[in-house]
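Please look at the sequence and the three-dimensional structure below, and keep both in view while you read.

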Amino acid sequence: MGSKMEPIEISKGVYNVGVTDWNIRDFHGYSTDLGTTYNAFLIVDEKIALVDTVREKFAGELLENISLVVDPKSIDYVISNHTEMDHSGGLARVMHRIGEDKPVYCSKMGSKNLPKHFSAKWNYQPVATGDELSLGNRTLTFLETRMIHWPDSMFTYLNENQILFSSDGFGQHYAGPEKFDDQIDASAVMYHAKKYFANILLLYSTHIQKLLDKVLSLGLEFKMICPDHGIIWRKDPGKIVDAYVRWCRQEPDKKAVVIYDTMWHSTEQMAHAIVSGISREGVPAKPLHLRKTHRSEIMTDVFDAKAVVVGSPTLNNQLYPSLADFLTYMKGLKPLNKIGAAFGSYGWSGEAVKMINKELETMNFEIIDPGLRVQYVPDKEALESCYELGRKIGKAVAG
Ligand code: FEO
């Protein structure tokens, strides 16, 4: 509770009536150290439309915000751009308040998926790309955007104001006093947008690239882009669109990450020696301890790194559990265009390096070395080998 924010008139007759979730720190496994927002938009014209709702527990705050602008019962249309519960969770309370017979506009997939979340038989109105809904003086156009972020996802465009309501697209898990891109340092907001892309949308990049091409080919102007999470883009909406076009290509930077866990600091010593070797070649590199840095932060670094080096001790003939967790997570997000290598210390069996290589091969990483294993504690010679492995990786990244 306590997350209500005053409705903000973002354009004449268009309000952000969403809420801020200041205290969320784990968004289904994604670290949200600063919290997030669930933006929802009220468009007041001859007809009144609500675009998206909020997480269920904040539905009361959403309705209070709406009440500060209009009587909720006067809402004529609900638009559901996305079925996921952080945007549809409040729908049941909203519909109960505004009238269960009010039409709910959503994509065709939305009309199939929403009833799998809610038992109420609402008046679903499936729409397709190009379909329009008149509000009187202004008109909404719908654009299906499957897999940004679910099969039901769509964007809604307010023609006359050139405002795009983009649901998860172009969003960031960020909560702060700033509400618009002209109120916050550009690099700060872009970091959160990149983290969002790397952890939520990366696996759909090829698909999103085609979708963006299609949307951009419609020649729509975007004066403002309003995602359902975080900052609204009004100063330079082109900046985030250009970033998405670039991110979808997955062209990595000349940098390396060395991801590891360690039991008695042996694998850690190896990681640090590898980082030194990579750095020696002029390639930025850093060690990332899996129990010190959250996996979603690590994935943000993986996203634009050319080399991903992975180290694990062998524990009970297996990978260390945190490595198994991370490799599963990374595999699901399907990063492209990476080179990889494995390393790790062991006591008597030493399967971890082989297991990492197998996983990296499954992800189509280019394995540039069979990998380094060290029994128990690395001596000077072993650390020299790690350093040389680092230099080999550094040279490969530097090209
Ligand atoms: Fe913000 Fe895919 O939900």
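On a 1 Å grid over the protein atoms alone, a cavity is a set of points where a 1.4 Å probe fits but cannot get out, whereas a pocket is an open set with protein on both sides within 12 Å along at least five of seven lines, and lining residues are those with an atom within 4 Å of a point. Grid points are joined across faces, edges and corners, and a volume is the space filled by probe spheres set on the points. By this rule the count comes to 4 cavities of 30 Å³ or more. This is a predicted model, in which local features need pLDDT of at least 70 and side-chain atom pairs count only at pLDDT 80 or more, while totals for chains, interfaces and linings use all residues. Residues are numbered from 1 along each chain as its sequence is written, and side-chain values use heavy atoms, with hydrogens and water left out.

The largest cavity holds about 50 Å³ of space. Of the 11 residues that line the largest cavity, those closest to its centre are Thr37, Glu178, Lys179, Gly230 and Ile231. Its lining has 4 nonpolar, 5 polar and 2 charged residues, where Ala, Val, Leu, Ile, Met, Phe, Trp, Tyr, Cys and Pro count as nonpolar, Asp, Glu, Lys and Arg as charged, and the others, Gly among them, as polar.

Turning to the pockets, the largest pocket contains about 330 Å³ of space. It is lined by 18 residues, of which Met263, Thr314, Tyr346, Gly347 and Trp348 are the closest to its centre. Helix H8 (266-280), strand E20 (314-315) and strand E22 (339-346) are the elements that give two or more residues to this lining, and here helices (H or I, at least four residues) and strands (E, at least two) are DSSP runs, numbered from the N terminus. The lining of the largest pocket divides into 8 nonpolar, 10 polar and no charged residues.

The second largest pocket has about 250 Å³ of space, and the residues that line it include Ser187, Tyr191, Arg246, Trp247 and Asp304. Which element gives the largest share of the lining of the second largest pocket? That share, 4 residues, comes from H5. By class, the lining of the second largest pocket has 5 nonpolar, 2 polar and 5 charged residues.

Next, find Ser167, which lies in strand E15 (residues 163-167). Ser167 counts as buried because its relative accessibility is 0%, and buried means under 20% relative accessible area, exposed over 50%, and partly exposed in between (1.4 Å probe, protein chains only). Leaving aside residues up to four places away in sequence, Ser167 touches Asp52, Asn81, His82, Met154, Cys226, Pro227, Asp228 and His229, where contact means heavy atoms within 4.5 Å.

Helix H1 (residues 59-67) is mostly covered, with 7 of its 9 residues buried. The buried residues of H1 are Ala59, Gly60, Glu61, Leu62, Leu63, Asn65 and Ile66, and what covers them includes strand E3 (19-21), strand E7 (41-44), strand E8 (48-51) and helix H3 (91-98).

Finally, in the contact of helix H10 with helix H11, Leu327, Met330 and Lys331 in H10 meet Ile356, Glu359, Leu360 and Thr362 in H11. By class, this contact of H10 with H11 has 4 nonpolar, 1 polar and 2 charged residues.
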